[in-house]
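Work through the exercises below with the sequence and the coordinates at hand. Each task is followed by a worked solution.

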Amino acid sequence: MKTASSHTPRLTRAQRQIHLLLEQADETLTAQTIHQRLKARAQPIGLATVYRSLRSLQVKGLTQARALPNGEWAYGLTSDDSHYLTCLNCGTSVPVEDCPVQSLEEKLGQSSHFQIFYHTLEFFGLCAPCTGQLETESP
Ligand SMILES: [Zn+2]
Ligand SMILES: [Zn+2]
């Protein structure tokens, strides 16, 4: 867990709503899911605006995105430094307990004078049920 940055950038209403939704969610969400959840809360925001707001939130260093095997992006907060093992067959994602690259991020930030907002680290393969299933299916 990283601590949230001390300054809060100014956000539009849509950006605030999306940020709040991600804060309350206990998982990363796709733009489609964000779009649907806001609609269910009677806070409808067009899908194009959801994408635009997510992009703005990313540049402000508040949200991060990771690519899912199906080509969609899942969004979360940068304060949530979590990594996943993802099954390429069924798409199941399992969180990885520790982040092994936090010190590397700090080092890079100091040596490159880059303001680093987040990093991604992903593991892909087959989950246990899929491994068993594919083994019995193969000739
Ligand atoms: Zn699987
Ligand atoms: Zn990490």
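**Exercise 1. Overall layout**

How many helices and how many strands does the secondary structure of the chain come to? Give their order as well.

Solution. The model is a predicted one. Its secondary structure comes to five helices and six strands. Read along the sequence, these follow the pattern α-β-α-α-β-β-β-β-α-β-α. For the overall dimensions, take the C-alpha trace along its principal axes: the spans are about 60 × 45 × 20 Å. Next, count burial: 12% of the 139 residues are buried. Finally, take the contacts with a separation of 6 or more; residues 24 or more positions apart account for 50% of them.

**Exercise 2. Packing of H1 and H3**

Determine how helices H1 and H3 are oriented to each other, and describe their contact.

Solution. Step one is the geometry: H1, residues 13-24, and H3, residues 47-59, pack at an angle of about 80 degrees, and their axes are 9 Å apart. Step two is the classification. Angles of 65 to 115 degrees count as roughly perpendicular, and H1 and H3 are therefore roughly perpendicular to each other. Step three lists the residues. H1 contributes Ala-14, Gln-15, Ile-18 and His-19, which meet Thr-49, Val-50, Ser-53, Leu-54, Ser-56 and Leu-57 of H3. By type, the residues of this contact divide into five nonpolar, five polar and no charged.

**Exercise 3. The two sides of H2**

Which residues of helix H2 are buried, and which are exposed on the other side?

Solution. Start with the buried set: in H2, residues 31-40, it consists of Ile-34, His-35 and Leu-38. These residues lie on the same side of H2, because they cover an arc of only 100 degrees around the axis. As for partners, the buried residues of H2 pack against H1, strand S1 (29-30) and H3. Just after H2, Ala-42 has a positive phi of about 60 degrees.

**Exercise 4. Arg-52**

Solution. First locate Arg-52: it belongs to helix H3. For a distance check, compare Arg-52 with Leu-77: the two are 25 residues apart in sequence and, C-alpha to C-alpha, 16 Å apart in space.

**Exercise 5. Strand pairing around S3**

Work out how S1 and S2 are joined to strand S3.

Solution. Begin with S1. Two bridges join S1 to S3, residues 73-77, and these strands run antiparallel. Leu-29 stands opposite Tyr-75 in S3. Continue with S2, residues 63-67: five bridges join S2 to S3, again in an antiparallel arrangement. Last, consider the connection. S2 and S3 form a hairpin with five residues between them. Gly-71, in the turn, has a positive phi of about 95 degrees.

Technical notes: Residues numbered from 1 in each chain as written. Chains lettered and ligands numbered in written order. Predicted model: local features only at pLDDT ≥ 70, side-chain atom pairs only at ≥ 80, totals over all residues. Axes fitted to C-alpha atoms, helices over the stretch in contact; angles between N-to-C directions. Helix = DSSP H or I, 4+ residues; strand = E, 2+ residues; numbered from the N terminus. Parallel < 35°, antiparallel > 145°, perpendicular 65-115°, else oblique. Contact = placed C-beta atoms within 7 Å. Nonpolar A, V, L, I, M, F, W, Y, C, P; charged D, E, K, R; others polar. Buried ≥ 20, exposed ≤ 12 C-beta atoms within 10 Å, placed from the backbone. Arc of directions from axis to C-beta. Pairing = 2+ DSSP bridges.
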